[in-house]
Amino acid sequence: MYTGGISQSGAISTDQSFRDLGLDPAVVRTVEREGFEHPTQIQALTIPLALEGKDVIGLAQTGSGKTAAFVLPMAELIPLEQGVRGLILCPTREIALQTKAFLDLFYQDIGLLTACLIGGVKMGPQISQLRRGPDIIVATPGRLFDHMERRNVSVSEVNFLVLDEADHMLDLGFLPQIRRILASVPKERQTFMFSATMPGPVERLAQQFMMDPERVDVLPDGRAAEGLHHRIFMVDPEQKVEALKKLLREETGSTLIFIRRKIDAEWACKQLEPDGFKVERIHSNLSQSQRVAALQGLRKGSHRILVATDIAARGIDIPAIEHIINFTLPERVEDYIHRAGRTARGDASGLVSSICTWQDGEKIREIEKILGKEVPRAKLEGIEPYVERKKTIRGRRRVRRRLL
Ligand code: AMP
């Protein structure tokens, strides 16, 4: 079931009304029933463009309300005819399932049928869903392509296409499947693309497959949410686990710990469990039901700590995360911003703590550059901080030693 809502999500609202956006009164009534009083920025900007029939590139993060920005106008734009008319491509199973839940919330009354095609689960039940003749499909590119190859589904009548989290889909290596899917949908259609960043390949995808798109940017300045407090704990490598435990005892709210590899996520849980921390993990080696259970447990409070890898966590809608801990910094600075975006949803405030060692110097500089400020160094009681030496000072010392 879809569990979002105003209070939990904290999505930034405008003072406009949904009726102002030109939506059908029946859609507006459903929106109001769900407790959405005002559209969020991305909704206010994109829904009128969608209703005008424009292609739109939405620069927006999860938490901005971007799902409703395409789900609501789609309800009006999709003709009630035979065949798949709407197609939504998502990077991960979690995002696809959340989107399907959102679609059903709004479309059941209108009588639009939806199907969800995601990897990692059996094909059989998905084939049954397809036989019922869905109007809209939400899918991860790999699984949709499998169904297309087996001729279980045709996308040759799609009028409205959404590429959600396009940058993330390309990161996951879905470009070949996306290209082949796009080659099969009609050229005459409307396309919406959402992305939190616009790297070259995403830009090229837009140029090639969109018609004169309007660009709507609701990313916060510096590409990182306002209301976030970032801090770095510099420690010796062998003190990282101890630092993590101390931090978890200091900040007792719901916490998402990021770690780079799946194997490390399992390891981190094993480090924390004996000390009585209620912790779960989410990574791509787990089954779909295990991942859903880990998320639900966090929502309900049966555990307050979730250890996640970037791929598993990006884009998932977990309301009310108070604290993000980077146990390892991500490979790419964009992922630091995405990780931080899991807290301080909308105008709420949130804390991002990174446990770093001397090896992270270069990455810290990149993060500070993109944030446009120095991240304060913080200390934990009983843990000797690693003292960084500024580059220039070290340089001068080396010179002096040579002179002596
Ligand atoms: P999304 O960015 O689509 O993942 O949406 C994030 C959260 O914002 C979801 O939990 C939605 O229920 C919520 N949301 C979307 N639109 C609105 C709105 N207009 N008012 C309040 N909450 C909203």
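Analyst: One term to start. Two strands pair if DSSP finds at least two bridges between them. Strands (E, at least two residues) and helices (H or I, at least four) are DSSP runs, numbered from the N terminus.

User: What kind of model is it?

Analyst: It is a predicted model, where local features need pLDDT of at least 70 and side-chain atom pairs need 80 or more, while totals for chains, interfaces and linings use all residues. Residues are numbered from 1 along each chain as its sequence is written, and side-chain values use heavy atoms, with hydrogens and water left out.

User: How many helices and strands does the protein have?

Analyst: The protein has 17 helices and 14 strands.

User: In what order do the 7 strands of the open sheet come?

Analyst: The order is E3-E4-E2-E5-E6-E1-E7, with parallel pairing. Strand E3 (114-117) and strand E7 (214-217) sit at the edges, so to speak: each pairs on one side only. On average, neighbouring strands in this sheet are turned by 15° against each other, direction ignored.

User: How many bridges join E2 to E4?

Analyst: There are 4, and the two strands run parallel. Glycine 86 stands opposite isoleucine 136 in E4. E3 is also joined to E4 by 4 bridges, again running parallel. There, cysteine 116 has valine 138 of E4 as its bridge partner.

User: Are the faces of E4 covered or open?

Analyst: Both faces are covered. Ile136 and Val138 are buried on one side, and Ile137 and Ala139 on the other. Buried means under 20% relative accessible area, exposed means over 50%, and partly exposed lies in between (1.4 Å probe, protein chains only).

User: Now the other end. Which residue of E7 is the bridge partner of leucine 59?

Analyst: Aspartate 217 is the partner of leucine 59. Strand E1 (residues 56-59) and E7 run parallel and share 4 bridges. Helix H10 (residues 200-209) packs on the sheet, touching E1, strand E5 (160-163), strand E6 (190-195) and E7. H10 points at about 175° to E6. Angles run from 0 to 180 degrees between N-to-C directions, and axes are lines fitted to C-alpha atoms, for helices over the stretch in contact.

User: Which strands does helix H5 lie across?

Analyst: H5 (residues 93-107) lies across strand E2 (86-89), E3 and strand E4 (136-139). Its angle to E3 is about 175°.

User: What do the buried residues of H3 pack against?

Analyst: They pack against E1, helix H4 (66-77), E6 and E7. The buried residues of helix H3 (residues 41-51) include Ile42, Ile47 and Leu49. Glycine 53 follows H3, and its phi is positive, near 90°.

User: Change of topic. At what angle do H11 and H12 pack?

Analyst: Helix H11 (residues 240-250) and helix H12 (residues 262-272) pack at about 65°, with axes 11 Å apart. Val241, Leu244, Lys245 and Leu248 in H11 meet Trp267, Gln271 and Leu272 in H12. A contact means heavy atoms within 4.5 Å. By class, this contact has 5 nonpolar, 1 polar and 1 charged residues. Here Ala, Val, Leu, Ile, Met, Phe, Trp, Tyr, Cys and Pro count as nonpolar, Asp, Glu, Lys and Arg as charged, and the others, Gly among them, as polar.

User: Why is helix H15 called largely enclosed?

Analyst: Because 7 of the 8 residues of H15 (residues 333-340) are buried, the rest of the structure largely encloses the helix. Among them are Val333, Tyr336 and His338. Isoleucine 337 is buried, at 7% relative accessible area. Its C-alpha is 8.9 Å from that of isoleucine 370, which is 33 residues away along the chain.

User: And arginine 377, buried or partly exposed?

Analyst: Arginine 377 counts as partly exposed, at 33% relative accessibility. Arginine 377 lies in strand E14 (residues 377-378). Phenylalanine 233 is 144 residues from arginine 377 in sequence, but 5.8 Å in space, C-alpha to C-alpha. Leaving aside neighbours within four places in sequence, arginine 377 is in contact with Ile232, Met234, Ile364, Glu368 and Glu388.

User: Last one. What percentage of the 404 residues count as buried?

Analyst: 53% of them do. Also, among contacts between residues at least 6 apart in sequence, 75% join residues at least 24 apart.
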